[in-house]
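Subject: Structure handover

Hi,

Here is the structure I promised to pass on to you. Please have a look at it first, and then read my notes below.

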Amino acid sequence: MVQAVIMAGGEGVRLRPLTTDLPKPMAPVANRPIMHHIVNLLRRQGVTDAFAALYYLADEVESYFHDGSEFGISLGYMVADIPVGTAGSVRRLADRLSGTFVVISGDALTDFDLRRAVEFHLERSAAATLVLTRVADPLEYGVVITNEEGRIERFLEKPGPGEVFSDTVNTGIYILEPSVLAHVDRSREFDFSKDLFPLLLQEGEPLYGYVAEGYWLDIGGLEQYRQANHDCLLGKVELDLPGEQMTEGVWVGEDARVDPQAELMAPVLIGHGCSIGAGARVGPLTVVGDNCVIEAGVQVEHSVVWSGAYLGHGARVKAATVCRNVVAKRNVTINEGAVVGDRCLLEEGTTVMPHIRMWPDKVTERGSKVTMSLIWGTKWPGSLFGASGVTGLANIEITPEFAAKLGAAFGAYLEAGAQVITSRDSHHASRMTKRAIIAGLMSVGASVLDLRIMPGAVARHMANISGAAGGIHVAASPTEPGQIVVEFFDGTGKNLDLSAERRIESIFFREDFRRAPLDAVGSLEFLGRTMEYYTEDFLNFLDVEAISGWRPKLVIDYAHGPLCLLMPQVLGRLGCESTALNAFVDPTRAEEPWSSRSERVVEMGEVVHALKADLGLLMGSHGERLAAVDETGKPLVGDDLLLVFADLVLQGGGPGARVAVPFSATSGVEEICQRHGASAIRTKADSRSLMETAGSAPDLVFAGNSEGGYIFPRFLPAFDAMLAVGKLLELLARSGQRLSEVRARMPTYYRARAQAQCPWEHKGTVMRHLHEESSDLQVEHLDGIKIHSDGGWVLILPDVSAPVFHIHAESQDRQTARRVADEYAARIDELQAEL
């Protein structure tokens, strides 16, 4: 058999507090370190010579395995003093590798037959072979796409929901030839998946993927950690459990003392040297480590208890993880999903609430309730940010405790002493949440410039001109009643990029906050002239003279949002005569979903017609979205208004001007651009991608989407409905055209939408089947799968935060668009039924 390199340098950040004092490969699964199981696997398959690449807490690994002789293998070590990447670590072992070798992760659990993978590799004379497997949800893995012969065609490293074209993922197990290490750049961190393999693919080296049969689990988080232990007990993975199997599904280690009146419920694993008292009930699906003491009357189920733990009389542990040398005294309760770190002392009667994580060496008071949780009473899905920021049920998921922690995470992400803009809508829940966020920001030394109640676009503008490092806007969700959305933006006013969101998530889940001392706590200042600053910049950006010369008559529905506090003054300075509807702030009525805008603009059309107005405008309650009604009373929403804006802007945009729209927007945009000698940039369907493009693309004069969001990047690279109104008035005034005349020359395309429910674990498989079924058609993969046929297209887009697919269809025939959307929704349902 070939040599092997075990990658064992991982910190296991997402497993903390399990890995606070322990490298991830040493976390025990079924009472043995994960890497112990990997070493046993290699030995069983004939590997006698192996090396471990170490970095984090390397001594823990070396002191356990020594030279490997106790485990039937020769084991050497390479300890990196600085991060060099996965490929960089193996490159340092190049002079000790004599031929074909296996690279395997020391922190994933598997029973793959690696000998078959090596045979596959050698038969194809491959330079590198990646061992692959199929998973239900590939979003957190590196997706690998191969041809029929197994040759690799494409890599996707941790794809977004719209980029999942396969459920075949990289397991981190590789069969390599020593020659590939010559491609490793030793001057920087160099990883296999992100650097080496894409480089080899680009250079045409023979890269293959071998789809292995058997068990594999990436123990990436606390839920996967418990699952790994459960799978071992259930026999899903082939490995040797320590101890003697006393009865079916009950393993007990040496010198363990189990009272005859104790009950062990299969499957259960008891470590050596344990003591289990009378009336205790342990199991099912429970692992108890070595030398634990479980007193009388204790109940432990679906849990993992590490070595040296003490559970006092009457303690209850349910679906939790209890780490090394924890002392839980009489009548302690540890609830589902909780993790109690090494050496914690839980005094009598302590209750650890669900999904709480206690870091090592914490002490509770008698009878206390540990409630500092990510969420009160429900489980956070593992990812903070969705499509529009952080969203959750007000005061249930997004509690004040959660909000304070979120503010601290954002403040810790920024440099010490950074200034942060905060604002909110008029809802009382938004006020409560924002104040908690401010407390979190100040606790890590950030200085807060608070705007109180303010439209989100105005807050973003203030960040753009004030020199602030970023900002947070809190509001009731415009799409989900009862929910709060916390929006984060950078110093230019646009949404944070994905890397920033992930860094904030990492800080949040690690709870790795810097705590400011007394004299360094951040300041809080209330800014008083925000509206004046915005208004002056707003008027300077527009052709006020053109609008004043027209003196349009407007009907405006403010939807009870804060724009009614600012916009009438601005319109007055533009010389507009306006009739205001719903022009007072009402936080309860402002929650009406934006999805109801079609019905509302029809009602507005009647008012516009009756008053003989030039224009009707429906403002989103957050001040970021807009719908319109022309002078005849006909509504313009979605793509219709997007096309009107694009046409008007490009009339004066000059040659080479560009507009940006999402992948899901109508094809009419390209037709409009062709008329004016302009071009269109397509972005992913989410708002962040559109803002990023607006803030960076040269010659971009306009960006917009089908949901009423419009961006004029030379003013602000973010949605601003009030500015969009100003520009619409300016463009109509300059052109001398009525809105109905502009819409009359727009290209005609018909759109239809549908939704298909789909569990998270099936999304990758469904996308793979749709990709395979459309191989003979023109397909685009910018976001989701867009399939062109019969003069139209259909876009299948996985939702980023819900178990659903969105289907957008477009055709020059209304019935065709509806039929295609419904057919693909039905096909997704069929594919799920087949799984």
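Let me begin with the overall dimensions. For a chain of 835 residues, a compact globule would have a radius of gyration near 28 Å, and the chain comes in at 30 Å, which agrees with that expectation. Please keep in mind that this is a predicted model. Along its principal axes, the C-alpha trace spans about 95 × 65 × 50 Å.

On secondary structure, the chain holds 21 helices and 54 strands. Of the 835 residues, 57% are buried. If you take the contacts with a separation of 6 or more, 60% of them are between residues 24 or more positions apart.

Helix α17 covers residues 687-696, and its buried residues are R688, S689, L690, M691, T693 and A694. What do the buried residues of α17 pack against? Their partners include two helices, α9 (456-466) and α10 (498-510). The strands β46 (658-662), β47 (679-683), β48 (700-704) and β49 (710-711) are also packed against by these residues. At the start of α17, D686 places a side-chain oxygen within 3.3 Å of the backbone nitrogen of R688.

T100 sits in the loop between α3 (86-91) and β6 (101-105). Is T100 buried or exposed? Its relative accessibility is 15%, so T100 counts as buried, the cut-off being under 20%. The side chain of T100 makes a polar contact of 2.6 Å with the side chain of E177. Leaving aside residues up to four places away in sequence, T100 touches V2, Q3, H121, L122, I175, L176, E177 and P178.

Finally, Q832 belongs to helix α21, which runs over residues 814-834. With a relative accessible area of 15%, Q832 is buried as well. Which residues does Q832 touch, not counting those up to four places away in sequence? They are Q757, C758, P759, H762 and V766.

That is what I have for now.

Best wishes

Definitions and conventions
Residues are numbered from 1 along each chain as its sequence is written. This is a predicted model: local features need pLDDT of at least 70, side-chain atom pairs count only at pLDDT 80 or more; totals for chains, interfaces and linings use all residues. Side-chain values use heavy atoms; hydrogens and water are left out. Helices (H or I, at least four residues) and strands (E, at least two) are DSSP runs, numbered from the N terminus. The radius of gyration is taken over C-alpha atoms; the globule rule is 2.2 Å times the number of residues to the power 0.38. Buried means under 20% relative accessible area, exposed over 50%, partly exposed in between (1.4 Å probe, protein chains only). Contact means heavy atoms within 4.5 Å. A polar contact is a pair of N or O atoms within 3.5 Å; within protein, one must be able to donate a hydrogen and the other to accept it, and residues adjacent in sequence count only if both atoms are side-chain atoms.
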